[in-house]
Amino acid sequence: MTEEKELLETQHHVVSPKIYVAVFLSLLVFTGLTVGASYIEMGVFNPIVAIAIACIKMVLVVLFFMHVRYSTKLTMLTVGCGFFMFLVLISMTLADYISRAWGQW
Amino acid sequence: MSDSPAIIHGAPEAEGHGHHAHPPYLRHHFESVEQQADTTNFAMWLFLLTEIMFFGGLFTAYLIYRNWYYPAFVAASHQLNIFWGTLNTLLLITSSFTMAMGVWCAETRKQSGLVLCLILTFILGIGFLGIKTIEYKEKIEKHHVPGFHYSLNSFLNPDSDEAAKAAGDKPLPLDMARHTEIYFSLYFAMTGMHALHMIIGIGILGFMIFRARAGAYTNGHVTFVENFGLYWHFVDIVWIFLFPLLYLISRHANQ
């Protein structure tokens, strides 16, 4: 019984500091990139680039700092469903605003 | 009495945990430490999903109002200081890193390392709030806090305002200038709610430093540190989106 418990305990995945350092450095690089990109005139692409970089940073934090990459399928599904639901809610709200009175405010 | 552990479970003879060996932190309604850890992890994520929806509402409001009152939002965002925003982003990312290292120290049972990581995270969090205070102070001094004392001067006479002049702002018509107040309402709502989450997190960090010094979390039971880490990283993610949306994307949008 005790051995079984200890076996289960060791199944807890420990993410190594090397991965944390690599993620930390990438986050710093992406922060530099997003600040640099804001000083370049790209017209409509300025916000797109900024949000794309923010999404990449978020994925890095979620997968490695928050251990989702090493979590159970239940956790992965929960996180995935949450973000998907959030996108559904945003798209439906925006669809309403775009189609109803765009330009008439 | 039966020899089946399932039957004697909870019986008077089972007092004092004599019935089966397990770590003291394993609650009796769980089969194993792993199941207990997975359950609390799942619950923490459900809480974080409600937080995503909460901040998501604010982000959606920002998105819609920015499209409606675009010139006002561009001019108002030029009032934010990119230097302070970038410094705060760096502080918060570093605090996320020290927090992740704290979780690793707890998992590998390094007590002094854990205490050090928690203290560093605590200090970086305080530093973030300190810089936020500097920024808020500037907004108060320039009367950019929505309310009775709100001033349109920076947007009607951009040449009289250093930040607006540097960004090359043109004077806004009065009705559009008034909508800058919506930008600052959302600015204070979003950064204020984010700061409130930071304050709560810093409070819990203080408690954890106290407990970690007494030897908690490094005895194999890391759930509390791990789930607090999830919360802290979530607050970091909110800032990762607030920073470009509030500070960066309108830099070039007024020419």
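Predicted model: local features only at pLDDT ≥ 70, side-chain atom pairs only at ≥ 80, totals over all residues.
Q: Angles under 35 degrees count as roughly parallel, 65 to 115 as roughly perpendicular, over 145 as roughly antiparallel and the rest as oblique. With that in hand, at what angle do α9(B) and α10(B) pack?
A: Helix α9 (residues 180-213) of chain B packs against α10(B) at about 155°, and the axes are 10 Å apart. The two helices are therefore roughly antiparallel to each other. Axes here are lines fitted to C-alpha atoms, for helices over the stretch in contact, and angles run from 0 to 180 degrees between N-to-C directions. Helices (H or I, at least four residues) and strands (E, at least two) are DSSP runs, numbered from the N terminus.

Q: What are the scores?
A: ipTM is 0.87 and pTM is 0.89. Chain B averages a pLDDT (the predictor's confidence in each residue, from 0 to 100) of 90, with 91% of its residues at 70 or above.

Q: Where in chain B does pLDDT stay under 50?
A: Over residues 1-15. The model has 12 contacts beyond four places in sequence for that stretch, a contact being two residues whose C-beta atoms, placed from the backbone, lie within 7 Å.

Q: Back to α9(B) and α10(B). Which hand is the crossing?
A: Left-handed. A crossing gets that label if the near helix is turned anticlockwise from the far one by less than a right angle, and right-handed if clockwise.

Q: Which residues meet there?
A: Among them, B:Y187, B:H194 and B:M198 from α9(B), and B:F228, B:W232 and B:W239 from α10(B). By class, that contact has 14 nonpolar, four polar and no charged residues. Ala, Val, Leu, Ile, Met, Phe, Trp, Tyr, Cys and Pro count as nonpolar, Asp, Glu, Lys and Arg as charged, and the others, Gly among them, as polar.

Q: And how does α4(B) pack on α10(B)?
A: Helix α4 (residues 82-107) and helix α10 (residues 223-248) of chain B pack at about 165°, axes 10 Å apart. That makes this pair roughly antiparallel too, and α4(B) passes α10(B) in a left-handed crossing. Its contact residues divide into 12 nonpolar, six polar and two charged.

Q: Is B:Y217 buried or exposed?
A: Buried, because 26 other C-beta atoms lie within 10 Å. The cut-offs are 20 or more for buried, 12 or fewer for exposed, and partly exposed in between, with C-beta atoms placed from the backbone.

Q: Now chain A. How many helices and strands?
A: Four helices and zero strands. Of the 105 residues of chain A, 19% count as buried.

Q: How many residues of chain A are in contact with chain B?
A: 43, against 44 residues of chain B. Elements giving two or more residues to that side of chain A are α1 (2-10), α2 (17-38), α3 (45-65) and α4 (73-101). α4(A) gives the most, with 10. By class, the side has 26 nonpolar, 13 polar and four charged residues.

Methods: Residues numbered from 1 in each chain as written. Chains lettered and ligands numbered in written order.
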